[in-house]
Amino acid sequence: DAWGKEHDGESSTKSAPKRRKRANVERPPPPPRRSSLEDLASLEQHLLEMPLHAKESYIEACLKCPELLTPEHKSAFLEHDDFDARKAAARLCEYWEVRVATFGPERAFLPMTLAGALKDEVQGMIKYCPWYLLPDTDLSGRKILFLDTARRDFANFSEDREARSLFYLLDIISFDPSTRSSGWVFVSSAQKLDRKSFSFRIMKYFRHLIDAVAPITFRGSHTCWPSPVFYYVISPVMRRVLGKKYRLRMKLHYGNEAAVIQSLEKYRFSKARLPKVVGGFLELNYGQWVAQRSIVENLARASAAARQIQAEESLSTRANERASSTSAEAARAHIVSQFNKSLLALSPETPGDSSNRPASKLQTELTPSLSNDDSLNQPDGNSLTDGGLFLAQGKRSLAAHTRELGPTNTANENAVTQILDKLPSASDELDRFFQDQDFDEPPQIGGESVADADIDEMLTNMFHDGVEN
């Protein structure tokens, strides 16, 4: 690809055309395509179709740490493999296989942080870890992973511990969306490299990570001041083991400090962003890096917790709103139903048009008003969630409507009086409604609890006031 051709290095021959020299200025990475719901659904389908033996660790991760298998986590594998769901599924499962093999079943399913899976490696990383993730990218936006072989000490920092540190650093690079599309490069200082500070096991592990595990593209390798042992013994073996794909991306840099920096600048490195070990300006401080990384991870964890709480509160609010709406509708229907039953029970057993009966006329006038009364939703300006209060307020609204219409003749006056006699007492009505709706709290008006007898007396007075008026 266009980004990797810059690191072809020694693949060029005398007959190959010379490359056009480009201005050594910083340029942003190309805008990446983001995973869609269809891409994630296709990935899940291929995960289901994979053989069981190839996804045992992934299944275990689904059971033990489902919070880590987020859509963002899976999208990294899709984006790396150009949205080929089959390849992404295979890489995702291999990622978890290697993660379990590297950290063990006790720590593999913890968050990949210094306080999680790396909690036992922090002190060793500060003192002996030869790997360092530089804070800035190169001029093409690629992350830089630096290796200082002079810090290697397998007696105090074993190959297993170094493998865990390497996995952790590559994990940071892989799941950083800002640089995922640009990839990463490897820079090392091999001036003091010898057989004791070289490990074929780490080399093979490194190759497997970048080839089949990490969901980010490896762009090139740059070794500064290779020692004679590295040049004559290690480099030929590395080229043979890594294969042509990575051999063509290896570049060796010789000469004095100025010559090395000048050579690195051809591959879009900046002296200000390189460590002093290879002639740059950057002073490496492993303790400071660990402290800063801990702050970043703590902030990320706090932010994730805040988003989780916000999501739970949003779900709870929507559930309460649905429950309140359901309670309001149930109370409204209950009030209107009881009102209609009481009115119909008053109809005299005489022939003729039932619409001319006083009770039917009153029902026709009051029922629409009662059904559309806003006071059933927010009496006294307060939001209601108690069905009993709806009932009491609905009856009060009925009395108010009766008072507004006013009995126009003796028949209507008798009808209203009989409504009061036919309706159940407030105490029995509230008890029945609470039992039907599973309400636990007594009705409240104006923030204070109202006794059944008080409600009964209040409604009786209101209905009598309506009749008298």
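How much space lies in the largest cavity? In this predicted model, the largest cavity holds about 290 Å³ of space, and it is one of 4 cavities of 30 Å³ or more that a search of the whole structure finds. The largest cavity is lined by 23 residues, and those closest to its centre are Leu 147, Phe 186, Met 203, Phe 206 and Met 238. Sorted by class, the lining of the largest cavity comprises 17 nonpolar, 5 polar and 1 charged residues.

The classes found in the lining of the largest pocket are 11 nonpolar, 6 polar and 10 charged residues.

Two packed helices are described by the angle between their axes and the distance between the axes. For helix H2 (residues 56-64) and helix H4 (residues 85-107), the axes come within 7 Å and cross at roughly 80°. An angle of 65 to 115 degrees counts as roughly perpendicular, and H2 is therefore roughly perpendicular to H4. On the H2 side of the contact stand Glu 56, Ser 57, Tyr 58 and Ala 61, which meet Leu 92, Cys 93, Trp 96, Glu 97 and Val 100 in H4. By class, this contact of H2 with H4 has 6 nonpolar, 1 polar and 2 charged residues.

Helix H4 is also involved in a pairing of charged side chains. The structure holds 16 salt bridges, and one of them joins the side chains of Arg 107 and Asp 120, with an N to O distance of 3.7 Å. Because Arg 107 lies in helix H4 while Asp 120 lies in the loop between H4 and helix H5 (122-128), the pair ties together parts that are 13 residues apart in sequence.

Key:
Residues numbered from 1 in each chain as written. Predicted model: local features only at pLDDT ≥ 70, side-chain atom pairs only at ≥ 80, totals over all residues. Heavy atoms only, no water. Axes fitted to C-alpha atoms, helices over the stretch in contact; angles between N-to-C directions. Helix = DSSP H or I, 4+ residues; strand = E, 2+ residues; numbered from the N terminus. Parallel < 35°, antiparallel > 145°, perpendicular 65-115°, else oblique. Contact = heavy atoms within 4.5 Å. Nonpolar A, V, L, I, M, F, W, Y, C, P; charged D, E, K, R; others polar. Salt bridge = Lys/Arg side-chain N within 4 Å of Asp/Glu carboxyl O. 1 Å grid on protein atoms, 1.4 Å probe; cavity = no way out; pocket = protein on both sides within 12 Å on 5 of 7 lines; lining within 4 Å. Points joined across faces, edges and corners; volume = space filled by probe spheres on them.
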